[in-house]
Amino acid sequence: MKHSAVTVGLPRAMLYYRYRILWSVFFQELGIRTVISGPTDREILEQGSVLAIDEACLSLKIYLGHVRALVDKCDYILIPRVASLGRHRDMCTRFQALPDLVDNLFRNSGQRFLSYNVDLSAKRDEETAFLELGRALSAAPKEARRAYRTAKKAELAHHKARVQKQEQLCHQEGLKILIAAHSYLVEDPYVGRTVTDYLRSAGVIPLRADLVDRDAALKRGMELSPTCKWELSREILGGILQRRRDVDGIILLSAFPCGPDAMVNELITRRVKGVPMLNLVLDSQTGTAGVETRLESFIDIIRLKEGKL
Amino acid sequence: MEHAYLGVDVGSISTKGVIIDRENNLLASQYIWTQGNPIGAVKELLGLLEGQFDKTKYKIVATGATGSARKLVGTILGATMVKNEITAHAVGTTTFYPDVRTILEIGGQDSKIILVENAVAVDYAMNTLCAAGTGAFLSSQAKRLGIEVEEIGDYALRSTHPTQIAARCTVFAESDLVHKIQMGHPREDIIAGVCNAVAANYLSNVGKGKKILSPVVFQGGVSKNKGVVAAFERALGCKVIVDPNGHLMGALGVAILAKKGSKRQEFDFSVENMDFRTREASCGQCSNHCEIICVYRGDELIDAWGNRCERGERVH
């Protein structure tokens, strides 16, 4: 395999948490080096907040901070456009707008960006998009196809392994709380991770609504809402139905002001009954006291119910 | 010597303390304003409690701290139990009202609803990080209208035509209120409108989707406001119980929790004469720049918190 001197930067935010295996294996297969921005910290959030408009959600602010951190550190930064994965399978408008948004914000930086466009509503599937991505990096079409298929296989295997890990946790003894959140929020080390860390330190097993079999979850999600058009939300809806009998409580974790969550979490609180639920909205506050009070009391209430406080 | 238990609840607006005996009888109780100085308030509180307390007959064997300053106060008091205020309120209320089904609570910056079945909390909700419709809103509106916050209830009950105030968001409520004042609505009608807005706001935000069953117990500082109580009774169509000690329920709950807990540590009132201070240190170990709070007794560092990782433990 020939190694090119090109390096591609991957912002550690948003869809990175969903596609990191797909991306890293694809580039690795093509002999292209990748650089990943560091874990989110206060500086990244602050830099991103300066770049974003006020109405942007916390996750987008974090994303822009990661892009900023990669400028001048690599030849290209990968900013994909993932718009639609089929009927009733749209992505949040942020993911449709990212390449244009970033291009515009960093137009004077001299940084080059790389993109691919997945939009099933315009009959552009993921494989086609990755072939074009390969072409942009001067890879032979055959090579790019092989790299994509290897990467896709690795991604599916990785996800399957994570789902199996969740199944095991489901059968463990102890208090279990399901977190319904986007992967890029719950896995972000500066924001969402504080929630899972706290739960673990309190002796609770955190489970994830988004770590389930995706096809099955998409179908089951229809039971809660036949018209919900957001892919990631539908997965979470299905994940909740799949896991609710295994858990003692559900935390709806959302980044302020997430559009899809504002609607879908309302739907969840109205339609999922019989299980304690905590609605937690994270903003860029540095203090964690408010969040801890809510988590601590939520756990107490569940334990009190079981007479174990 | 008989055993007694101290419970202290330091909220954003008020500081509450109780001492109870084994049977949960009140031996001493006090309610004062926090005035932005939780350490000073606790010391003052202890002085007042000490005056009501028979030290020859009882000794305090366990201490609980709750409220938003529970960590700080727990450190200063050497508390054996530090618990969040929701749990403390649930425990306190179900001890005194075992048949309660719904607990409404509105404090200075938080509001919550706790649903109870068979004396056990089964569900609850809390305001999101926004403080809309809490005591802080009422006191700032009282100030705007030139009356004491304690007088709001009496004014509200005198009104026959409460003014409609937009209730969804405090910011909108406030601008609506200013507009209504300028339009010439009588003061008591506006105050009654504010009370209705607090109740309506609570029911549509915190109480949203919750089945509110009777008996309903209302507590927290705002429960002392007769106007809001009347507004809740109208909106819910049932009697709303306000315990004379409702404002002390968090302190009572945490005292009971301290009693039930396994730790024992005799409490010494001399802390009220000790010098405590806090200092904020910024950790420079990484770009998170965590704000670490260090608590000193005299010159001795007794506790610190606020760091996100273990690197912050070196910064004191």
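Trainee: How many helices and strands are in chain B?
Mentor: Chain B has 9 helices and 13 strands. Those are DSSP runs numbered from the N terminus: helices are H or I with at least four residues, strands E with at least two. This is a predicted model: local features need pLDDT of at least 70, side-chain atom pairs count only at pLDDT 80 or more, and totals for chains, interfaces and linings use all residues. Residues are numbered from 1 along each chain as its sequence is written, and chains are lettered from A and ligands numbered from 1 in the order written.

Trainee: What does chain B average in pLDDT?
Mentor: It's 88 for chain B, and 96% of the residues score at least 70. pLDDT is the predictor's confidence in each residue, from 0 to 100.

Trainee: And the ipTM and pTM, what are they?
Mentor: The model has ipTM 0.71 and pTM 0.83.

Trainee: Switching to helices. At what angle do helix 1 and helix 2 of chain B pack?
Mentor: About 50°, with axes 10 Å apart. Helix 1 of chain B covers residues 38-52, helix 2 of chain B residues 70-77. Axes are lines fitted to C-alpha atoms, for helices over the stretch in contact, and angles run from 0 to 180 degrees between N-to-C directions.

Trainee: Which residues meet there?
Mentor: Pro38(B), Ile39(B) and Val42(B) in helix 1 meet Leu72(B), Val73(B) and Ile76(B) in helix 2 (C-beta atoms, placed from the backbone, within 7 Å).

Trainee: What box do chain B's C-alpha atoms fill?
Mentor: Roughly 60 × 50 × 35 Å, along the principal axes.

Notes
Contact = placed C-beta atoms within 7 Å.
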